[in-house]
Amino acid sequence: IGYNARQTARILEDIRNRGNLIKGVKLKETDGKLIFEPNEVSQENLPEGFDIKKPDNRIISSCIGIARKTKRAVILVTNDIMMRIAAAACGVEVQEYKNDQIKESSYVGYREIKTSREIIDDIYKKQSLAPEIFADEKPFVANEYITLTDGNTSALCVYRDNCIRLLKDTTAFGIRPQNRLQRFALDALLAPAEEIPLVILRGPAGTAKTFLSMAAALDKTYTDEFTRHTSSTSYDKIYIGRANVSSDKAFGFLPGELEDKTRPLLGCFYSNLEDLLRKGNHEEDAQIQIQIDDMMETGLLRVFPLAYIRGMSIKNSFIICDEAQNIGRSLIRDIVTRCGQGSKLVILGDTNQIDVPFLDKTNSGLTYLAHNMKGSTKCAQITFTEKESVRSALATEALNRLM
């Protein structure tokens, strides 16, 4: 906030040096003028019950005063939903920032193609097909997953390097995917960082986005005597972070070091970590906690608060960022551009669960990232639906009835 305020002051000072702000200074970028109007804030401009001491109401009062003075239409532009409602109640025309809005893409990262049994048999035999076989289909997108089916038999494939390739059966840290979208996601998560350094998983709660991401992270980093995991490691560290409405602002009020401050905010990661380390072996909680503490102490598992991402360059690491629907454009850009050589970044979120007042489906950083990275050979995307919820029968029913 301090940086933005100082930068704004510098811009205003540059404009002030070119003319009189009260009379209006012509802007270089447009035909319009920037005018300071300090005298139109009055309680008399507001309906009964609107307190002029509140900053939002002072702005609304200014709009009403300017409209009365100039006899011209005044439009208040803001992304604050409550302020738009209050302004409309006072008779002020309101709009959102149109340049920030992105229509949520219909691209989900996969498609289904009905084809013949001969073609399905052919891809099982050759392991790949030329995309020209499906000339009637819309152009394929890089790293798009494809289900070929004849109604009885199917083949799960991916379009990569201008070729449709058959997916191989795969597991991550002993975990097998439970449906085709999980299998698609796991393929993207386990792909080398040199091939797919960015994976975006969107969808409702209970679809195993975080669980699969943690399984892939452990599969490529962790080896110990308890799990007897022998997969070759590809990354040195696991970084976990989570966007939260209050987390990045409230660290100073929590006791302890950085890991202690962020631990309560990252319970979803730790619960998944416990399940993965336990692996149905009925190990005692104390034993599981020893393994997690060992990961933290040795630096294998690290927490990164999003507020401090600037200046970092995270190399050769598996990075997971959850709740990305609550991140704005600038922060999501900061996170992606801090991904260094040999690192893999996984972005998780659900645009139906946005908690930040100034964000919605059209301007969320998650929507912005998914829209602009579509078609990149460096990115794979999977969008889960309520049908893929595997948390419990109750969770699935709640998603259908309560969302």
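**Cysteines, a patch and a loop**

Cys-339 has a relative accessibility of 22%, so it counts as partly exposed. Keep in mind as we go that this is a predicted model.

Now hop over to Cys-163. Is Cys-163 buried or exposed? It counts as buried, because its relative accessibility is 18% and the cut-off for buried is under 20%. For the sulfur of Cys-163, the closest cysteine sulfur belongs to Cys-157, and at 9.7 Å that is again too far for a bond. A disulfide needs the two sulfur atoms within 2.5 Å, and by this rule the count comes to 0 disulfides.

Next, the surface. Ile-75, Val-77 and Tyr-97 make up a nonpolar patch there, and together they have about 250 Å² of accessible area. Val-77 is part of strand β3, which covers residues 75-77. With a relative accessible area of 37%, Val-77 is partly exposed.

Last stop: Thr-115, in the loop that links β5 (110-114) and α4 (117-126). This threonine is buried, because its relative accessible area is 17%. Which residues does Thr-115 contact, leaving aside its neighbours within four places in sequence? They are Ile-120, Phe-134, Leu-148, Thr-149 and Asp-150.

Terms used
Residues are numbered from 1 along each chain as its sequence is written. This is a predicted model: local features need pLDDT of at least 70, side-chain atom pairs count only at pLDDT 80 or more; totals for chains, interfaces and linings use all residues. Side-chain values use heavy atoms; hydrogens and water are left out. Patches are made of residues with over 30% relative accessible area and no salt bridge: like charges are joined within 9 Å, nonpolar side chains (Val, Leu, Ile, Met, Phe, Trp, Tyr) within 5 Å. Accessible areas come from the Shrake-Rupley method with a 1.4 Å probe; for residues, only the protein chains shown count as cover. A salt bridge is a side-chain nitrogen of Lys or Arg within 4 Å of a carboxyl oxygen of Asp or Glu. Helices (H or I, at least four residues) and strands (E, at least two) are DSSP runs, numbered from the N terminus. Buried means under 20% relative accessible area, exposed over 50%, partly exposed in between (1.4 Å probe, protein chains only). Contact means heavy atoms within 4.5 Å.
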